[in-house]
Amino acid sequence: MTMETIHALLRERFGEAIGEWPPPETGDPWIGVKAEAYHDVARFLRDDPALKFDYLRLVSAVDWMGSSGAESAERLSSVLHLYSFARDHEVTIAVDLPRDAARLASVADLWPAANWHEREAYDMMGIVYEGHPDLRRILLPEDWEGHPLRKDYVQPEEYHGIPNV
Amino acid sequence: MIHKEAQSSEPILHDSLQSEELLVNMGPQHPSTHGVLRLVVRTDGEMVRETVPYIGYLHRCFEKITESVTYAQGVPYTDRLDYLASMNNALAFCLGVEKLGGFAVPERAAWLRVIVAELNRIASHLISFGTYALDLGAFTPFLYGFREREAILSIFEKLSGGRLLYHYPRIGGVRADLTPEVAGDIRRFLVQMRKAWPEYNELLSENAIFVKRTANVGVISGARAIAYGLTGPCLRGSGVRFDLRKNKPYSAYERFDFSVPVGAGIKGAVGDCWDRYWVRMVEIMESCKIVEQALDGLPKGEIRGKTPRVLKLPKGQVYVPCENPRGELGFYIISDGKTEPLRCKARGPSFCNLSITSEVCRDVLIADVVAILGSIDIVLGEVDR
């Protein structure tokens with residue numbers, strides 16, 4: 001199934017919660033989803049017999065701050081890459097979140113693979129995945145301050161007396 | 001304690017056999033963790049009840065750095081992710097940039113990339129072979145594996161100048177052409193590798209102790225492997241026949257004839273440590289087949305396509321997955337039209353494969369934790385990035 005067909009299917013079922021289909025001029029397409037519907041859409045993608053997305057490839061986070069020409073650069077995105085071994089098709093789901101209150105439902109209950117990816121997105125970009133079984137930092141120490149992959153992150157001068165220069 | 005027991009009327013045996021759970025800290029400096037990985041293991045006697053991995057000791061801010069360097073400058077950084085498969089990393093990154101930028105790669109360059117990627121896969125699996133034996137207490141196979149790997153490193157040194165970090169695939173092509181001397185070296189290596197492979201099997205694959213340590217240990221079902229996002233030999237070891245080179249061919253892989261081995265439970269259950277190990281062993285021979293075909297049919301022509309001097313990618317995003325020795329490596333690149341990416345996310349196989357350890361290393365023997373970890377074959381450079 002192409003991503004456009006999948007988009008039409010989702011649009012039919014979830015209506016306004018699914019964004020328009022804007023095939024980009026270059027690169028891969030993606031489907032925008034509203035944060036409230038994210039978990040339901042994810043469950044539908046996994047369980048629908050025609051879709052059967054059994055393999056979660058990647059959950060990643062993007063900070064759009066300062067990007068040129070984007071409609072609203074003041075936002076974060078949580079992006080979900082799925083693939084189906086059973087049906088041999090793939091889909092990319094992107095959810096826009098406000099920078100100051102980035103909260104999103106976790107999909108770790110649907111795909112265990114999401115567990116570590118969401119921890120990393122929390123660690124690096126500060127997105128809080130609600131309902132995650134174990135939302136701790138994963139790459140940085142527990143007492144690290146801030147989320148380094150945010151565009152406005154300022155590197156601390158020292159960490160426990162170790163200079164950072 | 002003993003004194004007290006002797007005085008009490010309770011049988012001494014009963015008291016002294018009472019077991020307590022013990023937290024054991026394995027790593028970060030432990031040879032079997034293959035780098036700096038820390039496992040906190042809750043043990044009950046010899047049994048492991050819970051394993052919690054802690055990672056991040058090798059975090060080098062790869063993704064943050066790529067946001068401040070140009071695409072071409074980003075290529076050598078990818079070498080340092082999975083440092084045992086530098087060729088494959090750089091290939092995946094270049095393919096991503098080329099797809100978003102719409103740059104064509106000459107046929108000869110694509111074939112040369114296949115040759116080096118497959119040689120690097122063999123080198124990586126040889127390390128896996130050697131260190132896995134080392135983890136389980138056999139020293140000799142390590143020396144055999146490094147003997148054959150040395151030949152590959154010499155070939156790479158002649159091609160690229162580097163023995164570990166090559167920076168050979170470039171955006172639009174490769175750095176240097178194959179000289180007749182190097183082509184001869186590769187052919188000699190293939191002969192050497194095919195002669196050595198049966199020795200490996202006599203030495204390790206069929207070794208009774210090795211089979212006892214690995215068969216029926218750390219069994220991962222195909223469904224669990226998919227749920228945890230395992231890829232590469234870990235996924236195929238569980239019996240799922242999926243290989244990006246076959247299923248989603250890139251860089252001219254559709255031109256080559258090779259088969260995709262999967263775990264079949266030859267020594268025990270499907271998806272045990274031995275199956276994962278065996279998939280790697282068979283892949284070594286399959287890679288030899290690919291390299292030989294690529295050498296035989298290497299097309300003539302350019303080795304670098306036309307790319308602009310200042311590389312500005314159009315706005316958009318792209319995710320290109322490649323089959324690395326350890327599984328699916330994909331770069332999720334987002335460009336907003338500048339010379340540097342807005343975001344470059346590396347989805348590394350080691351990171352995802354490692355995430356299953358908590359589930360597999362439960363209610364197993366302590367010694368099995370080492371066997372399971374070795375069979376998953378991680379490189380911490382890529383886990384932590």
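**Entry 1**

I looked up Met26(B) and found it opposite Leu39(B), which belongs to strand E2(B). The model is a predicted one, and I read every entry below with that in mind. I then followed the pairing of the two strands: E1(B) and E2(B), the latter covering residues 38–44, run antiparallel and are joined by 6 bridges. Both belong to an open sheet of 4 strands in chain B, ordered E1-E2-E3-E9 with antiparallel pairing. Which strands stand at the edges of this sheet? I noted E1 (21–26) and E9 (364–365) of chain B; each has a single partner strand, so one side of each lacks a neighbour in the sheet.

**Entry 1. Sheet E6-E7-E8, chain B**

I went on to another open sheet in chain B, with 3 strands in the order E6-E7-E8 and antiparallel pairing. Its edge strands are E6 (316–324) and E8 (343–347) of chain B, and each pairs on one side only. From one strand to the next the twist averages 10 degrees.

I checked the two pairings in turn. E6(B) and E7(B) run antiparallel and are joined by 9 bridges. A hairpin of 2 residues connects E6(B) to E7(B). For Asn324(B) I found the bridge partner Gly327(B) in E7(B).

Is E7(B) mostly covered or mostly exposed? I found it mostly covered, with 9 of its 9 residues buried. Helix H5 of chain B, residues 86–101, packs on it and touches E6 and E7 of chain B. The direction of H5(B) makes about 150 degrees with that of E6(B).

**Entry 2. Contact between the chains**

I recorded 28 residues of chain A in contact with 31 residues of chain B. On the chain A side, the elements that give two or more residues are E2 and helix H3 (114–125) of chain A. E2(A) supplies the largest share of that side, 6 residues. I noted its residue classes as well: the side of chain A that touches chain B divides into 16 nonpolar, 8 polar and 4 charged residues.

**Entry 3. Helix H1, chain A**

I took the span of H1(A), residues 3–14. Its 12 residues reach 16 Å from first to last C-alpha, close to the 16 Å expected at 1.5 Å a residue.

Which residues of H1(A) are buried? I listed Ile6(A), His7(A) and Leu10(A). Viewed down the helix axis, the buried residues of H1(A) fall within an arc of 100 degrees, so they line one face of the helix. An α-helix has 3.6 residues a turn, so residues three or four places apart point the same way. The cover over the buried residues of H1(A) includes E1 (31–32), H2 and E4 (89–98) of chain A. On the face turned away from the buried side I found the exposed residues Glu4(A), Thr5(A) and Glu12(A). After H1(A) comes Gly15(A), with a positive phi near 60 degrees.

Most residues other than glycine have a negative phi. I looked at two residues with a positive value.

Lys52(A) has a phi near 50 degrees. It is found in the loop between helix H2 (38–47) and strand E2 (55–63) of chain A. Lys52(A) has 15 C-beta neighbours inside 10 Å; I count it as partly exposed because that number lies between the limits of 12 for exposed and 20 for buried.

His160(A) has a positive phi of about 50 degrees. Its place is in the loop between strands E7 (158–159) and E8 (162–163) of chain A. Is His160(A) buried or exposed? It is exposed, with 6 other C-beta atoms within 10 Å.

**Entry 4. Leu135(A)**

I found Leu135(A) in the loop between E6 (128–130) and E7 of chain A. With 18 C-beta neighbours inside 10 Å, Leu135(A) counts as partly exposed. Leaving out residues up to four places away in sequence, Leu135(A) touches Arg119(A), Tyr122(A) and Tyr129(A). I also took the separation from Asp54(A), 81 residues apart from Leu135(A) along the chain: their C-alpha atoms are separated by 23 Å.

Note on methods:
Residues numbered from 1 in each chain as written. Chains lettered and ligands numbered in written order. Predicted model: local features only at pLDDT ≥ 70, side-chain atom pairs only at ≥ 80, totals over all residues. Pairing = 2+ DSSP bridges. Contact = placed C-beta atoms within 7 Å. Nonpolar A, V, L, I, M, F, W, Y, C, P; charged D, E, K, R; others polar. Expected span 1.5 Å × (residues − 1). Arc of directions from axis to C-beta. Axes fitted to C-alpha atoms, helices over the stretch in contact; angles between N-to-C directions.
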